[in-house]
Amino acid sequence: MAADWSNKEKPKVLVLFDVDGTLTPARKTIAPEVKQLLAELRKKVVIGFVGGSDLVKQQEQIGENAVDLFDFSFSENGLTAFRKGVPLASQSFIGYLGEDKYKRLVNFILRYISDLDIPKKRGTFVEFRNGMINVSPIGRNCSHPERNEFEEYDKTANVRPKFVEALKAEFADYDLTYSIGGQISFDVFPRGWDKTYCLKHLKNEGFDEIHFFGDKTDKGGNDFEIYTHPDVKGHSVKSPDDTVRILKELFF
């Protein structure tokens, strides 16, 4: 299938990007200069993004035409996926877990949050997505300043790591993975449905090199599994500026 990419200078090289903190500041929009560099990079290699968020949130950050700006678009770690703008097969978290197990999980989460004593709480503590749920102790409706406050608070209070440990203990039989990412939340999904899931869509593409850029590459971060995957060359970044710098060193 590599012939599909014969218009590229290096059709057997794929470069994948995390979104939050890698292509954009957390939950903010992509800078024009980053978008321009990606357009130039796309002439050289195959490019794609892979993030835990759903496609709507990714479009808010990258642009309404996000799917058209990349050769591969992987939302929810690839559980919703596009190749050249064409949808690929998708998976469902609720289909995997079943309604009764899902209800028990969510009830536990909401009870746990109700007992949490943290400086602020807003709304949307559990966000149901196609392939996972996203859990936020402060609530996803918080403002950007409140996001920053919670992130700093969590560095010492360890609200999210403690929450994850409680879930692991309570739902050991569910075979779930808990992945802390971004500033205010963590994802919950079946084991193996982390960002390496997107690699399933690439098995028959014939790539010689797959690069991945991400900022949450430490163990427990939502980029760790794909960053350390044996088939992937991982690049750890601290910001979109960092991403731009490394891209220029590698490909320009």
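Me: In which strand does the place of Thr 177 fall?

Reply: This is a predicted model, in which local features need pLDDT of at least 70 and side-chain atom pairs count only at pLDDT 80 or more, while totals for chains, interfaces and linings use all residues. Residues are numbered from 1 along each chain as its sequence is written, and side-chain values use heavy atoms, with hydrogens and water left out. Helices (H or I, at least four residues) and strands (E, at least two) are DSSP runs, numbered from the N terminus. By that numbering, Thr 177 has its place within residues 176-181, the strand β8.

Me: Is Thr 177 buried or exposed?

Reply: Leaving out residues up to four places away in sequence, Thr 177 touches Asp 187, Val 188, Phe 189, Pro 190, Arg 191 and Gly 192, where a contact means heavy atoms within 4.5 Å. A residue counts as buried under 20% relative accessible area, as exposed over 50%, and as partly exposed in between (1.4 Å probe, protein chains only). Because Thr 177 has a relative accessible area of 11%, Thr 177 is buried.

Me: What radius of gyration does the chain have?

Reply: The chain holds 9 helices and 11 strands, and its C-alpha trace spans about 55 × 35 × 30 Å along the principal axes. Of its 252 residues, 54% are buried, and among contacts with a separation of 6 or more, 64% join residues 24 or more positions apart. The radius of gyration is taken over C-alpha atoms, and the globule rule is 2.2 Å times the number of residues to the power 0.38. For 252 residues a compact globule would have a value near 18 Å, and the chain agrees with this, having 18 Å.

Me: Which strands stand at the edges of the open sheet of 7 strands?

Reply: Two strands pair if DSSP finds at least two bridges between them, and in this open sheet of 7 strands the order is β5-β4-β3-β2-β1-β10-β11, with mixed pairing. An edge strand has a single partner, so one side of it is left without a neighbour in the sheet, and this holds for β5 (86-87) and β11 (233-236).

Me: Which residue in β4 stands opposite Ser 73?

Reply: Strands β3 (residues 72-75) and β4 (residues 80-83) run antiparallel and are joined by 4 bridges. Along this pairing, Phe 74 has Ala 81 as its bridge partner in β4, while the residue opposite Ser 73 is Phe 82.

Me: In the hairpin of β4 and β5, which residue takes a positive phi near 55°?

Reply: β4 and β5 run antiparallel with 2 bridges between them, and Phe 82 has Pro 87 as its bridge partner in β5. In the hairpin of β3 and β4, with 4 residues between the strands, Glu 76 takes a positive phi near 50°. In the hairpin of β4 and β5, with 2 residues between the strands, the positive phi near 55° belongs to Lys 84.

Me: How many residues does the largest nonpolar core have?

Reply: A nonpolar core is a set of buried Ala, Val, Leu, Ile, Met, Phe, Trp, Tyr and Cys residues joined through side-chain atoms within 4.5 Å. In the largest one, Val 15, Phe 17, Leu 38, Leu 41, Phe 70 and Leu 247 have the most contacts, and elements including β1 (13-17), α1 (32-44) and α9 (240-251) each supply at least two residues. Apart from it lies another core of 19 residues, among them Phe 93, Ile 133, Leu 167 and Phe 186. The largest core has a count of 25 residues.

Me: Are the rings of Phe 49 and Phe 70 stacked or edge-to-face?

Reply: Rings of Phe, Tyr and Trp (its six-membered ring) pair if their centres lie within 6.5 Å, and planes under 30 degrees apart count as stacked, over 60 as edge-to-face and the rest as tilted. Phe 49 has a relative accessible area of 0% and is buried, and Phe 70, at 2%, counts as buried. The two ring centres are 5.0 Å apart and the planes stand at 85°, so the pair is edge-to-face.
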